[in-house]
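Welcome! Let's take a friendly walk through a protein model and look at how its parts meet, and at what sits around its ligands.

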Amino acid sequence: MRSELRLIKAVCPHDCPDTCGMVVTVDSSGRAIQLRGDQDHPFTRGFLCQKVANYLDRVYHPDRLLYPLRRVGPKGLGQFERITWEAAILEITKRFKEIAAQDPQAILPYSYAGTMGKLMYGSLDRRYFHRLGASLLDRTICATAGSAGCDVTLGTRAMIDPEATINCRYIVNWGSNTAVTNIHFWKIEYEARKRGARIVTIDPYRSPTADKSDWWIPIRPGTDGALALGVMHIIFRENWQDDDYLTQYCVGAAQLRERVLKEYCPKEVARITGLSIADIEQFATEYARARHIFGGPALIRLNYGLQRHGGGGMAVRTIVCLPALTGDWRYPGAGAFLSTSKAYPWDDSYLTRPDLIPPGTRTINMVQLAEALHGKLPGPPVKALFVYNSNPAAVAPDQSRVLSGLAREDLFTVVHDQFQTDTVDFADIVLPATTQLEHFDVHGSYGHLYVQANNPAIMPLGEAKPNTEVFRLLARAMGFEEELFEQTDEELATGCLSGNNNFVGLTLDAVKAGPVRLNLPQNWAPFAEGRFPTPSGKCELYSECEAQAGRDPLPHYIPPHEDPQTNPELAARYPLQLLTPPKPSFLNSTFVNVPVLRNAAGERTLEIHPQDAADRGITNGQKVIVFNNRGRFVAHAVLADTVKPGVVVSQGLWWRKWTEDGVNCNTTTSTALTDLGAGATFFDNLVEVAKV
Ligand SMILES: Nc1nc2c(c(=O)[nH]1)N[C@H]1C(S)=C(S)[C@@H](COP(=O)(O)OP(=O)(O)OC[C@H]3O[C@@H](n4cnc5c(=O)[nH]c(N)nc54)[C@H](O)[C@@H]3O)O[C@H]1N2
Ligand SMILES: Nc1nc2c(c(=O)[nH]1)N[C@H]1C(S)=C(S)[C@@H](COP(=O)(O)OP(=O)(O)OC[C@H]3O[C@@H](n4cnc5c(=O)[nH]c(N)nc54)[C@H](O)[C@@H]3O)O[C@H]1N2
Ligand SMILES: [Mo]
């Protein structure tokens, strides 16, 4: 009997830097009976997070969508009848043809990273919408502020060889809840600590990562850029900079020096950040002198928390200047780390065919779905919405306006998902999606340097179909050119892997057998000898491109949009800065419907400083409303010193069907954009709190 068990190499598809290798055991009936971490994966080394360790509960969940559905009740109530795939494709095609006859830009695709697989994330879907002439979607909800900030300074993402970080002796988690959101890298940080490293976390919230660190630096939200400028001030003041690195590989050191010495003295930085001058001096000293004090180089693991503010792009641009001042880029695993995604030379043009986009097609920023659905953006009103790989009813900002937009009777909405999410409840046509165990894909990563294939382990459940197959059916029904769509998933994978440099010597067959490292040397240090892919080829402390765009060419502090210091009028009504990072047992809004993980998440809480609670007569455990002029939600107060006065935290992106008030924290968040990258500003959010 045992001999009939099959072991299949798979990959966790979720939006997470770890991109774990998994091994699925399938029995002779074709059912997956076990799923564990792949011990042969050099980075993820056989262990999985709490969420994906329970992945079979998701695959075989009794609530899986198994058949196409058509709406029979009012929008939002989720009442459907079963239909055939033929009927579903016919109806979508008929409606899209009618709308496209007037203006195809009235059709809006809406997708993000429900799966990170190259094929399911974006391939035939993009070709289809490009060929159709639909509106383009700017996928800004997560990472564009930091990407744009890094691009100004480095010409690419801040990246390192993460396995080499074991040699660092000073590690700063900057706006990064690494112990929760990047657990395999946290393991490396801990290994480094055993060898003598000091771990510091800069976060307004005493997150699990801050809690386990040697030092928690509770910065005021949205002021990280000012702290980095203060650190530079101290480095230049003390003459600790690596002049050799600055001269050979950077432009603008002299101008930057002048700027920070004049404008960012520790006293001013203390006023902005809410930190003490002593703490700022100590942090700058430890960071800049790490090799002398702790015996090894320093790494800044910067992540997404600090980007989700009005000045998030500039904050990242500024922070990634620091390793050039210290010279830490010289050392493998040291410097600054945001994402390794750019190390993969995927042939995205082949996959997505941007050449098919009609010239002049308008682009909609996905953060502004609320505006798009209410006709508040330039161009034709949105008449049809096609959602896949995303749950905007839960994850998009300004939830009340998103929901009223989704409820529009004249909007034709199609949703392709594995479950009846809050967004599905508003659909006219629902299409059932396969899970990762049921389809093929290839994966890069944004937290390590391996290429992996996800081999299908089981047959699709019910009539579920992968994203690629849905768009083959739709393209056929539209009569689009065969050569654009009639490729198999493996052919698409081969095509996008056929790039050069870091993919040299890497074949799909090899990848199907297990993770393969990019064609990069061990202890890869991309900027050890400069070679920054910027216009000047150097690290741009001074940016000529920024100057030409009419912006300040040097790093500077940009306060949040909603900041008590710079917006006292708004703060008089809504004095508390609200952060809403994800709940550790969920992945954004994914897994809320898995009972064991929902139970682990507990109830919705609002962490508030005892002093702020006392001012409002709030006691521990009491039910409170959190509100501003955009909306409100209910939570249970937790009086704690996990936050400083003036800051409150409510974790998690619940589904409205699991909350007593039918909304989540995104009722309060805003659709305002970041300075660089036009990204989301979820954590730039002033609220007031009152007992119910
Ligand atoms: N378990 C789990 N893992 C995940 C996810 C998940 O939902 N659950 N999501 C995945 C995704 S899509 C992403 S993008 C990543 C996100 O990974 P992270 O960026 O690590 O996660 P966040 O919790 O969004 O933000 C990190 C920390 O930033 C803090 N923060 C907020 N504002 C500021 C600020 O102004 N300055 C500073 N210094 N810190 C600030 C928050 O309090 C939070 O503790 O994680 C991925 N991994
Ligand atoms: N307040 C607040 N809001 C936030 C955040 C925050 O920290 N605070 N985090 C933000 C961040 S970092 C991100 S990345 C976004 C995430 O926003 P989303 O990308 O919308 O993420 P999820 O909530 O995980 O929803 C993904 C959906 O894709 C579906 N899916 C998975 N695989 C497939 C597939 O193969 N095919 C199809 N068709 N569907 C599939 C899943 O079932 C799920 O419903 O949310 C953002 N929203
Ligand atoms: Mo994200």
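This is a predicted model: local features need pLDDT of at least 70, side-chain atom pairs count only at pLDDT 80 or more; totals for chains, interfaces and linings use all residues.

The contact between them draws on 24 residues from domain 1 and 21 residues from domain 3. Together the two domains bury about 1,800 Å², with 50% of that area on carbon and sulfur atoms.

## What links them

How many salt bridges does the rule find across the interface of domain 1 and domain 3? There are 2. Have a look at Asp425 and Lys657, whose side chains meet in a salt bridge with an N to O distance of 2.7 Å. Polar contacts can be counted too: 15 residue pairs make them between domain 1 and domain 3, with both residues at pLDDT 80 or more.

Now turn to the side of domain 1 that touches domain 3. Three helices each supply at least two residues to this side: H19 (369–373), H20 (392–395) and H21 (399–406). Helix H21 gives the most, with 4 residues. By type, the residues on this side of domain 1 split into 10 nonpolar, 9 polar and 5 charged.

## Around ligand 1

There are 32 residues around ligand 1, and the ones that come nearest are Asp203, Gly222, Asp224, Phe586 and Asn588. Two of these names return when we zoom in on atoms. A polar backbone atom of Phe586 is 2.7 Å from a nitrogen atom of ligand 1, and a polar backbone atom of Asn588 is 2.7 Å from an oxygen atom of the ligand.

His309 takes part through its side chain: an N or O atom there is 2.8 Å from an oxygen atom of ligand 1.

## Around ligand 2

Ligand 2 is surrounded by 34 residues, and Ser390, Asp417, Asn467, Ser589 and Thr590 are the closest. From Thr590, a polar side-chain atom lies 2.5 Å from an oxygen atom of ligand 2.

Backbone atoms come in here as well. Val395 has a polar backbone atom 3.0 Å from a nitrogen atom of ligand 2, and Ala113 places a backbone N or O atom 3.5 Å from an oxygen atom of ligand 2.

Definitions and conventions: Residues are numbered from 1 along each chain as its sequence is written. Chains are lettered from A and ligands numbered from 1 in the order in which they are written. Side-chain values use heavy atoms; hydrogens and water are left out. Contact means heavy atoms within 4.5 Å. Buried area is the accessible area (1.4 Å probe) that two parts lose on being put together, summed over both. A salt bridge is a side-chain nitrogen of Lys or Arg within 4 Å of a carboxyl oxygen of Asp or Glu. A polar contact is a pair of N or O atoms within 3.5 Å; within protein, one must be able to donate a hydrogen and the other to accept it, and residues adjacent in sequence count only if both atoms are side-chain atoms. Ala, Val, Leu, Ile, Met, Phe, Trp, Tyr, Cys and Pro count as nonpolar, Asp, Glu, Lys and Arg as charged, and the others, Gly among them, as polar. A residue is near a molecule or strand if one of its heavy atoms lies within 4 Å of it.
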